[in-house]
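Subject: Structure for your files

Hello,

Here is the structure I said I would pass on.

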Amino acid sequence: MADTEVSLLEHLDTPQVTCLNESPSHTLKSIVEGRKKNTGDAYVLSEVDAELLLNISFNQTVKIRSISIQAKNVEQAPKTIRLYTNKPSLAFSDVEGGGGCLQEIELSKEDVAQGKKIPLRFVRFQSVTSLHIFVESNQDGEDETRIDAIDIFGYPVMGTRDVSGLKKVEDE
């Protein structure tokens, strides 16, 4: 029986979702907190320059087949992105030069305007607990990068369970 590809946003570990260089008033959490593709007015906006580093944690192990990134303002939409997985924490210094990158993608204006599904090298995204998306540049070299919606498609790995509600004993 073949697995049915689904949006993996429902499997986000939302408290662990972070974004480096995001504007405090336009955050990654604002577009994923509903755990479905954002269709509202919220968006992520970079603060200091065009780069963004999205750290997306899942509450169970997943297999990722494709991603979709959409922006209403195409000039500010991501152009070059690099994907990493399963890093406890990732900083801009970790992604400079592309070391450890599993896939680099050049998004077209059409891709981001329509939020097209971008297929990934599936064999590289088989046992993912966190996905890190480094936005290196945007479509027109703007000072700020904007993302209105992001979606991640694939399936949960059977036999893993949601551990996001568990706490360490010393936390109580």
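This is a predicted model: local features need pLDDT of at least 70, side-chain atom pairs count only at pLDDT 80 or more; totals for chains, interfaces and linings use all residues.

Phe 134 is part of strand β8, which covers residues 128-138. Its relative accessibility is 3%, and because buried means under 20%, Phe 134 counts as buried. Phe 92 sits 42 residues away from Phe 134 in sequence, with 8.3 Å between the two C-alpha atoms.

Salt bridges come next; the structure holds 5. One of them joins Glu 136 to Arg 82, with 3.2 Å between the closest N and O atoms. Glu 136 lies in strand β8 and Arg 82 in strand β5 (residues 78-85), so this pair ties together parts that are 54 residues apart in sequence. The two partners have these accessibilities: Glu 136 is partly exposed, at 32% relative accessible area, whereas Arg 82 is buried, at 5%.

Another salt bridge links Glu 110 and Lys 116, where the closest N and O atoms are 2.7 Å apart. Glu 110 is partly exposed at 44% relative accessible area, and Lys 116 is partly exposed at 31%.

Arg 146 and Asp 148 also form a salt bridge, with their closest N and O atoms 2.9 Å apart. Both of these residues are buried.

Regards

Technical notes
Residues are numbered from 1 along each chain as its sequence is written. Side-chain values use heavy atoms; hydrogens and water are left out. Helices (H or I, at least four residues) and strands (E, at least two) are DSSP runs, numbered from the N terminus. Buried means under 20% relative accessible area, exposed over 50%, partly exposed in between (1.4 Å probe, protein chains only). A salt bridge is a side-chain nitrogen of Lys or Arg within 4 Å of a carboxyl oxygen of Asp or Glu.
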